[in-house]
Amino acid sequence: PEGVSWAKVHGLSLLAGIGFTMSLFIGNLAFVDPAQIDAVKLGVLAGSIVSALLGVTILLKGRRA
């Protein structure tokens, strides 16, 4: 659409990486060892935080330009 830059599309795609409930569900189905399930939860949470921070950073940077 008019007025939408590739930076905004990229930032929004990173924000889409925040959705993690299905990843947690699949991780709980895939592993039975509590230590592995905890590792899955930590990895999914860390990935979601990184995705959120990068997405917001890119969108705010594109807003100033």
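This is a predicted model: local features need pLDDT of at least 70, side-chain atom pairs count only at pLDDT 80 or more; totals for chains, interfaces and linings use all residues.

Biologist: Which residues form a nonpolar patch on the surface?
Modeller: The patch has about 450 Å² of accessible area in total. One of its members, M22, lies in helix 2 and counts as exposed because its relative accessibility is 52%, where exposed means over 50%. The residues that form the patch are M22, F25, I26 and L29.

Biologist: How is the secondary structure arranged along the sequence?
Modeller: The chain has three helices and zero strands. Read along the sequence, the pattern is therefore α-α-α.

Biologist: Is the chain a compact globule or more spread out?
Modeller: The C-alpha trace spans about 50 × 20 × 10 Å along its principal axes. For 65 residues the globule rule gives 11 Å, whereas the radius of gyration is 15 Å, well over that value. The chain is therefore more spread out than a compact globule.

Biologist: What percentage of the residues in the chain is buried?
Modeller: A residue counts as buried under 20% relative accessible area. Of the 65 residues in the chain, the buried ones make up 14%.

Biologist: Is S51 buried or exposed?
Modeller: S51 lies in helix 3, which covers residues 34-64. Leaving aside residues up to four places away in sequence, S51 touches L14, L15, G17 and I18. Its relative accessibility is 10%, and the cut-off is under 20%, so S51 counts as buried.

Biologist: Among contacts between residues at least 6 apart in sequence, what percentage joins residues at least 24 apart?
Modeller: A contact here requires heavy atoms within 4.5 Å. Among the contacts in the chain between residues at least 6 apart in sequence, the percentage that joins residues at least 24 apart is 70%.

Biologist: How far apart in space are A30 and V40, C-alpha to C-alpha?
Modeller: A30 lies in helix 2, residues 21-30, and is exposed because its relative accessible area is 54%, over the 50% cut-off. In sequence, A30 and V40 are 10 residues apart. In space, their C-alpha to C-alpha separation is 9.8 Å.

Biologist: In which helix is confidence highest?
Modeller: The chain averages a pLDDT of 87, and 95% of the residues score at least 70. Confidence is lowest in helix 1, residues 6-15, at a mean of 86. The highest mean, 90, belongs to helix 3.

How values were computed:
Residues are numbered from 1 along each chain as its sequence is written. Side-chain values use heavy atoms; hydrogens and water are left out. Helices (H or I, at least four residues) and strands (E, at least two) are DSSP runs, numbered from the N terminus. Buried means under 20% relative accessible area, exposed over 50%, partly exposed in between (1.4 Å probe, protein chains only). The radius of gyration is taken over C-alpha atoms; the globule rule is 2.2 Å times the number of residues to the power 0.38. pLDDT is the predictor's confidence in each residue, from 0 to 100. Patches are made of residues with over 30% relative accessible area and no salt bridge: like charges are joined within 9 Å, nonpolar side chains (Val, Leu, Ile, Met, Phe, Trp, Tyr) within 5 Å. Accessible areas come from the Shrake-Rupley method with a 1.4 Å probe; for residues, only the protein chains shown count as cover. A salt bridge is a side-chain nitrogen of Lys or Arg within 4 Å of a carboxyl oxygen of Asp or Glu.
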